[in-house]
Amino acid sequence: MSNRVLSGMQPSGHLHLGNLLGALENWKALQDQYQCFFFVADWHALSTNYADTSRIKEYTQGLLIDWLAAGIDPARSTVFVQSSVPDHAILHLLLSMIVPVAWLERNPTYKEKQEEIKEKDLSTYGFLGYPVLQAADILLYKPDFVPVGKDQLPHLELTRELARRFNNLYQPVFPEPKEHLTQFPKVTGTDGRKMSKSYHNTINLSDSEPEIRKKLKTMVTDPARVRRTDKGNPEVCPVYDFHKIFSSQTVQEQVNQDCRTAAIGCIDCKKLVADVIVERLAPSWETRADLMAKSDYVQDIIHEGKQKASIVAHETMQDVKEAMKI
Ligand code: TRP
Ligand code: SF4
């Protein structure tokens with residue numbers, strides 16, 4: 001049997017180009033080589049949104065559609081929703097009995113997120129235990145690799161520590177999963193900062209062609225290029241960052257030269273970028289339209305995913321219960 005991969009995402013709104021290049025392209029490539037499990041972490045979304053749960057279902061559905069439209073292939077990968085496999089909650093409970101609170105309190109993302117999200121009361125048990133639920137998500141499937149961004153490394157380390165603690169206390173059940181880091185550099189948003197939903201500077205996978213063209217039109221450029229005749233510096237221009245990602249080598253070199261001599265204006269330069277982004281996303285728009293029209297089909301996929309995931313999760317839970325003698 002080939003090696004196993006597992007990863008998840010929280011349902012928190014539309015995916016953007018940063019998510020596509022950072023995570024999804026990586027997941028897609030892994031599908032060719034590994035037995036993959038990808039799930040929507042809807043219970044994790046409760047940790048910060050417990051006071052307003054109204055959008056979680058809608059976002060869960062939207063995230064699944066984003067994945068499928070981007071090329072996550074349910075014929076090869078198991079795609080499911082966390083809350084449809086109750087074993088995640090059971091293993092979370094059992095792991096919560098053995099995790100020292102100090103491990104959770106010293107987790108850097110715990111304090112950082114609490115500082116960052118000041119408007120919500122995150123002094124809850126569930127928020128502190130976020131990484132324990134994540135450890136349960138992971139360990140249930142005994143994956144060899146967990147594709148994640150750098151920000152998730154502390155959670156993965158804690159997962160391994162918990163696996164070791166369980167194996168030592170009872171019997172060896174859990175192999176220690178390794179991270180599979182995404183190589184892609186951070187994608188710049190339309191305002192020149194890192195592309196992120198919280199900055200409102202994203203280009204979403206579900207944006208329409210006119211929306212993308214409009215966002216590009218108002219995108220910031222080299223601030224020194226005020227007039228059309230001013231010479232520019234592509235190295236400080238976020239539009240050029242997009243060229244580096246999406247345009248051919250030839251176009252990149254041409255733009256680089258023409259920007260420095262003011263042979264090309266920003267309006268035309270942005271149009272070139274809009275064209276390649278549209279070209280890149282267009283195939284997924286067709287799939288998306290199909291999926292939106294066939295909601296039964298999406299339901300079938302997550303039902304099948306739930307069944308496939310449950311079989312694996314259940315086997316692990318048998319081992320866990322035997323090891324713990326419960
Ligand atoms: N914490 C992850 C994130 O915010 C989401 C997640 C939940 C996850 N459970 C997981 C990722 C298990 C990998 C494996 O991105
Ligand atoms: Fe940026 Fe292109 Fe304008 Fe140069 S021409 S400043 S690369 S948008």
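**Salt bridges**

Guide: Lys28 and Glu25 both belong to helix α1 (residues 17-31), where they sit 3 residues apart, about one turn of the helix; helices here are DSSP runs of H or I with at least four residues, strands are E runs of at least two, and both are numbered from the N terminus. This is a predicted model, in which local features need pLDDT of at least 70 and side-chain atom pairs count only at pLDDT 80 or more, while totals for chains, interfaces and linings use all residues. Residues are numbered from 1 along each chain as its sequence is written, chains are lettered from A and ligands numbered from 1 in the order in which they are written, and side-chain values use heavy atoms, leaving out hydrogens and water.

Lys28 and Glu25 form a salt bridge, with their closest N and O atoms 3.5 Å apart; the term means a side-chain nitrogen of Lys or Arg within 4 Å of a carboxyl oxygen of Asp or Glu. Lys28 is partly exposed at 24% relative accessible area, and Glu25 is partly exposed at 26%, where buried means under 20%, exposed over 50%, and partly exposed in between (1.4 Å probe, protein chains only).

Another salt bridge, between Arg160 and Glu179, has an N to O distance of 3.0 Å, and this pair links distant parts of the chain, Arg160 in helix α9 and Glu179 in strand β5 (residues 178-181), 19 residues apart. Arg160 is buried, at 12%, whereas Glu179 is partly exposed, at 30%. A network of salt bridges links Glu157, Arg160, Arg164, Glu176 and Glu179, and the whole structure holds 21 salt bridges.
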